[in-house]
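Please examine the sequence and the structure before working through the solutions.

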Amino acid sequence: MLESWCLSLPLAYTVAVLIRMNVIWRNSVSCLRIRKVPRRYQSGNHPAAPLGSRILTDPAKVFEHNMWDHMQWSKEEEAAARKRVEENSAVRVLLEEQVKYENEASQYWDTFYKIHKNKFFKDRNWLLREFPEIIPVDQKTEEKTQESSWDNVKTGAANCFSRMHCPIMPEEKNLGMKRCGSSDGPSRARSHFSNLDSEEHSEGPLKTELFPGSSATFRILEVGCGAGNSVFPILNTLQNAPESFLYCCDFASGAVELVKLHSSYRAAQCCAFVHDVCDEDSPYPFPDGILDVILLVFVLSSIHPDRMQGVINRLSKLLKPGGMLLFRDYGRYDKTQLRFKRGHCLSENFYVRGDGTRAYFFTKGEVHTMFCKAGLDEKQNLVDRRLQVNRKKQVKMHRVWVQGKFQKPLHLTQKPSKLVSPLLSHG
């Protein structure tokens with residue numbers, strides 16, 4: 001039908017029409033592709049190599065790359081690591097010094113950022129690869145949108161090109177507004193509760209109160225943002241999703257100041273604030289139950305083990321039903337733990353560095369217990385073992401991290417447990 005319509009027009013006009021249709025189509029496809037990120041958490045079946053695919057098959061080639069993925073430890077290597085931890089934890093830090101490290105934790109981190117500013121950690125450009133949930137659009141919705149967009153372009157071609165220019169069709173406006181919505185599972189629920197949240201703050205004298213990001217339909221919180229090594233890769237992605245908003249906090253005021261002074265900081269789409277997650281009475285600049293995603297990356301390990309469960313319980317209240325908490329942190333026997341010297345151990349698997357900052361080293365089981373006690377459902381929980389290589393010094397180092405994804409149920413059947421930390425007892 002379109003072909004016969006084109007043949008009835010002069011050749012030059014037909015060519016112009018087809019060129020314009022092609023431009024519109026390519027622009028719509030490119031916009032969709034920018035936002036196309038698969039959601040891996042919706043399925044319990046994970047790829048064989050979800051965290052990398054560089055596998056060491058020939059030990060003789062170990063120094064050909066800086067990092068190898070999915071390393072399997074031998075019994076001898078695991079026994080050696082266990083022995084090393086027993087040795088470096090034999091002498092504990094005095095109790096009065098432990099109290100000082102706890103009470104002045106924010107000051108130690110503040111000093112850290114005053115010295116290193118934003119030069120110490122690299123930007124976490126891997127975040128979107130491992131945590132595509134950060135993006136407010138899933139692949140299924142996008143494919144449907146893409147098909148609908150092309151149908152609208154074809155059916156509206158005659159009317160569109162009879163004018164001097166082609167205005168945006170009402171259907172396309174609706175599609176643009178609904179891109180945050182989803183089609184199935186948790187994503188649909190998140191869209192539904194986003195709408196409820198918007199209505200909640202638009203009715204009644206109390207519900208009209210505004211807060212940063214109150215008009216957004218997709219909200220993210222990064223806990224322990226530091227100098228912004230996760231913030232700015234995320235903001236760079238969210239610039240294509242103006243309906244999204246990013247909150248980020250840290251208890252080191254110097255770190256938050258570095259974020260706000262960064263040239264890429266946009267107050268219209270980001271709110272950085274000082275906050276101590278261990279202080280349960282300290283309010284957030286937004287109400288409970290509105291977050292779609294919480295990012296907790298290499299943060300929980302710096303908190304005293306006895307306080308971890310309370311922190312997770314509080315964070316779970318910030319999530320909306322169907323919201324996701326994304327976790328990554330140090331795993332047991334990581335090279336960082338093995339490098340500690342005697343006299344730096346605070347309690348089992350909990351150490352203090354020379355600069356006063358602290359680090360805990362988790363097992364997969366501990367992570368599972370803590371988040372499930374907070375009322376969250378486990379969607380992913382794995383140990384990421386890698387071999388890091390210093391080719392210049394011919395040194396091999398085992399890296400161990402724990403990564404998890406935990407979702408707030410759509411219908412809560414029980415309140416989060418108030419039990420103390422599930423971690424090992426602390427001497």
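**Exercise 1: The surroundings of H14**

Determine which elements the buried residues of H14 pack against.

Solution. The buried residues of H14 pack against strands S2 (218-223), S5 (291-297), S6 (319-330), S8 (350-352) and S9 (358-360), and against H16. Here helices (H or I, at least four residues) and strands (E, at least two) are DSSP runs, numbered from the N terminus; buried means under 20% relative accessible area, exposed over 50%, and partly exposed in between (1.4 Å probe, protein chains only). The model is predicted: local features need pLDDT of at least 70, side-chain atom pairs count only at pLDDT 80 or more, and totals for chains, interfaces and linings use all residues. Residues are numbered from 1 along each chain as its sequence is written, and side-chain values use heavy atoms, with hydrogens and water left out.

Ten of the 14 residues of H14 are buried, so H14 is largely enclosed by the rest of the structure. Among the buried residues are Pro 305, Met 308, Ile 312, Arg 314 and Leu 318.

**Exercise 2: The packing of H14 and H16**

Describe how H14 and H16 pack, giving the angle and the distance between their axes.

Solution. Helix H14 (residues 305-318) and helix H16 (residues 364-373) meet at about 45°, their axes being 8 Å apart. Axes are lines fitted to C-alpha atoms, for helices over the stretch in contact, and angles run from 0 to 180 degrees between N-to-C directions. The two helices are therefore oblique to each other (angles under 35 degrees count as roughly parallel, over 145 as roughly antiparallel, 65 to 115 as roughly perpendicular and the rest as oblique).

Next, identify the residues. H14 contributes Met 308, Gln 309, Ile 312 and Asn 313 to the contact, and H16 contributes Thr 369, Met 370, Phe 371 and Lys 373; contact means heavy atoms within 4.5 Å.

**Exercise 3: His 304**

Is His 304 buried or exposed, and which residues does it contact beyond its neighbours within four places in sequence?

Solution. First, locate the residue: His 304 lies in the loop between S5 and H14. His 304 has 19% relative accessibility and therefore counts as buried. Leaving aside neighbours within four places in sequence, His 304 is in contact with Glu 102, Phe 350 and Arg 358. Finally, His 304 and Glu 102 are separated by 202 residues in sequence, yet by 7.5 Å in space, C-alpha to C-alpha.
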